[in-house]
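The following exercises ask the reader to examine a structure step by step. Each task is followed by a worked solution.

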Number of protein chains: 2
Amino acid sequence: MSIQRVAREAGVSVATVSRAFNQPETVREETRRRVASAARRVDYRPNASARTLRTRKSRVLGVVLPTLLNPVFAECLQGIAEAAAAGGYAIVPMTTEYRLADELHAVTALRAAGVDGVVLVVSNPATSIALRQLQADGLRYVLAYNRHDRHPCVAVDGIAALAEAVARLTALGHRRIAMVSGRRAASDRAQLRYRGFLQGMATAGLKPLPLTEVPFVEAAVEQIAATLKKPGRATALLCSNDLLAIRAMRAAHLCGLSVPRDLSVVGFDGIALGEDLTPALATITQPNHDIGRRSVELLIGALADRRPIDAAQSLLLPHGFRLGESCGAAPA
Amino acid sequence: MSIQRVAREAGVSVATVSRAFNQPETVREETRRRVASAARRVDYRPNASARTLRTRKSRVLGVVLPTLLNPVFAECLQGIAEAAAAGGYAIVPMTTEYRLADELHAVTALRAAGVDGVVLVVSNPATSIALRQLQADGLRYVLAYNRHDRHPCVAVDGIAALAEAVARLTALGHRRIAMVSGRRAASDRAQLRYRGFLQGMATAGLKPLPLTEVPFVEAAVEQIAATLKKPGRATALLCSNDLLAIRAMRAAHLCGLSVPRDLSVVGFDGIALGEDLTPALATITQPNHDIGRRSVELLIGALADRRPIDAAQSLLLPHGFRLGESCGAAPA
DNA sequence: CTGTTAGCGCCTTCAT
DNA sequence: ATGAAGGCGCTAACAG
């Protein structure tokens, strides 16, 4: 039912009906009630397309995530969805499956769909074409998980987090510590985390073992297992995400190593599932839900004020450490 | 840039521009090229709202899922997203977090957003108010995972799947087999799977052990552990989903039982993560990706033909069994 | 094959 | 405080 119908039913003009809904304070109390009742009677449902066409605001937010198969992003999306709903926004999530080309594709599609703003996590803010496109379009956006000092970001301090993790491991007596990472070229997070690892090792006065970089997650188990078979292998593995850590534990098992007795494994992300594993996964936790929520709040706030989003508004959320059971003292 | 601008630039009428895009065959080749070039020149981008307002078709599909924290639905959503994109549809996913009220809420929001159709998984098709609402609105929909003979559904045969799983376990020598389930009242899948379990046990001439129904997943581990401490405990646990199975393995561990030596654990869903666990999770697999894809294809097909979707078009996709490592011979 | 025209439903000046 | 009217960008008759 259209606004016209409501107007006729209430005996007022369409303008009044529109006001009654969008600027109630400008309409006399009684008129307002009459309109409301008429609307209910005819089961009026505002037409979003017409409103958008007229106002050029869709009240839709685009969301670009690497994948939903990694619970990190599923958790984040949950936070995004909640905050968006709370702010009266709908969301259109898109997934890149870590394909760079799909980043741009997603942004293009979102732009075509007429979203008011975008929350996204890109491979690398410094080089992202998608990001540049967004800026060229003047579309407002917030980066989640990424970090860059010329873009608005919501993330944790991956460097500090890894450095701290190293300190924890050394406190447990570990000296041969290695990092397992996804492709660093494909993720600024991985780069930062690795840098934190190196920094932590330097602080501890230890020589970092060679990085195990896993190009395709599918092959992670074999690749990690291979490094565990070498003499002088690590006694502790720091993994750049929880999914890798889970595979690392499997690799250890295949090598006949017991976790954490023979090998400690620490992940990164703090996915809920980690707590249900056996052994429970030790991990550096991120507030995934909050990262999503705060990103949206930042975006919506700027949208409401018609204000551009400044990089200075970037948020650095606190990370944590979940001890779990996969991390223990270094073997004697 | 609007269609008007393109028309002027190309020296044709707006109607011709519209046709050039939407019914190219009705426009002379050269005119078409002229329009295309003009469009490129002014960077024309069709306005979705205007089109929707005019045609009353949004080319957007609503999606209602219980949660994305369970990889089953994340995998399914991936299939949905792919198929939707392939068909030129955008999607708006909503999550109920297993709250019945949110089912209706999601459908209401989707309807307000003007979606052309909905793919959804409900708690129970027979009683779902959301479903009734959808029908009342004449909105086209397809149920995923659910089964009901008066609704179009895409799912696997949960009864047969469980019955077969029981057979496999008995073949391995198990006789004391128990099922672990989520709240059956909250899910027709759980009900069906349980029924399949009973049926399988009956066929094997075995007495089913009491069902362990876990109302809140958080408490699953303790609850399952409690049953494992009882005398005459099961030697094999059939879990109504993989997340529960993972917790069951943890419960076993806490009870000092080794999987699969002392206890076999089998899940349901076939989430990819299960293969990376240690022991690798034995599970009844569903083609989650395909369930999503086929649901959308069914929906889009009906939308294209302006045809209602008949319950007779329901699809029963094949399930499978992944042996994994968590399932072995019954202890002596 | 192409042009003209009338809205789709809504918001928003501009009057009153 | 309310009404009248224009137009957002597009498609679908209807003419030609």
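Two strands pair if DSSP finds at least two bridges between them. Helices (H or I, at least four residues) and strands (E, at least two) are DSSP runs, numbered from the N terminus. This is a predicted model, in which local features need pLDDT of at least 70 and side-chain atom pairs count only at pLDDT 80 or more, while totals for chains, interfaces and linings use all residues. Residues are numbered from 1 along each chain as its sequence is written, and chains are lettered from A and ligands numbered from 1 in the order in which they are written.

**Exercise 1. The sheet of chain A**

Determine the strand order of the open sheet of 6 strands in chain A, and describe how its strands pair.

Solution. Step 1: the order is β7-β6-β8-β9-β10-β12, and the pairing is mixed. Step 2: β7 (212-214) and β12 (320-322) of chain A are the edge strands, each pairing on one side only. Step 3: neighbouring strands of this sheet are turned against each other by 20 degrees on average, direction ignored; axes here are lines fitted to C-alpha atoms, for helices over the stretch in contact, and angles run from 0 to 180 degrees between N-to-C directions.

Step 4: take the pairs in turn. β6 (residues 177-182) and β8 (residues 236-239) of chain A run parallel and are joined by 4 bridges; Met179(A) stands opposite Leu238(A) of β8(A). β9(A) and β10(A) (residues 282-285) are likewise parallel, over 4 bridges, and Asp269(A) has Thr285(A) in β10(A) as its bridge partner. β10(A) and β12(A), by contrast, are antiparallel over 3 bridges, with Ile284(A) opposite Phe321(A) of β12(A).

**Exercise 2. Helices across the sheet**

Identify the strands of chain A across which helices α9 and α10 lie.

Solution. Step 1: α9 (residues 188-204) of chain A lies across β6, β8 and β9 (264-269) of chain A, and runs at about 170 degrees to β6(A). Step 2: α10 (residues 220-228) of chain A lies across β6 and β7 of chain A, at about 170 degrees to β7(A).

**Exercise 3. A residue of chain B**

Is Val180(B) buried or exposed, and which residues does it contact beyond its neighbours within four places in sequence?

Solution. Step 1: Val180(B) is found in strand β6 (residues 177-182) of chain B. Step 2: a residue is buried if 20 or more other C-beta atoms, placed from the backbone, lie within 10 Å of its own, exposed if 12 or fewer, and partly exposed in between. Val180(B) has 26 such neighbours and therefore counts as buried. Step 3: two residues are in contact if their C-beta atoms, placed from the backbone, lie within 7 Å. On that basis the contacts of Val180(B) include Thr212(B), Val214(B), Ile224(B) and Leu237(B).

**Exercise 4. Positive phi and cis peptides**

Locate Arg56(A) and Arg59(B), and state how exposed Arg56(A) and Arg59(B) are.

Solution. Step 1: Arg56(A), in the loop between α4 and β1 (60-65) of chain A, has a positive phi near 65 degrees, though it is a residue other than glycine. It counts as exposed because it has 11 C-beta neighbours inside 10 Å. Step 2: Arg59(B), in the loop between α4 and β1 (60-65) of chain B, has a positive phi of about 55 degrees. Its 18 C-beta neighbours inside 10 Å make it partly exposed.

Which residues does a cis peptide bond join in chain A?

Solution. The bond joins Val259(A) and Pro260(A), with omega about 5 degrees. Pro260(A) lies in the loop between α11 and β9 of chain A.

**Exercise 5. Contacts between chains and with DNA**

How many residues of chain A contact chain B, and which element gives most to the surface near DNA strand C?

Solution. Step 1: 30 residues of chain A are in contact with 30 residues of chain B. The largest share of chain A's side, 6 residues, comes from α5(A). Step 2: a residue is near a strand or molecule if its C-beta atom, placed from the backbone, lies within 6 Å of it. Of the 26 residues around DNA strand C, those that come nearest include Ile3(A), Ala15(A) and Asn47(A). α2(A) gives the most to this surface, with 6 residues. Step 3: 24 residues surround DNA strand D, and α4(B) supplies the largest share of that surface, 5 residues.
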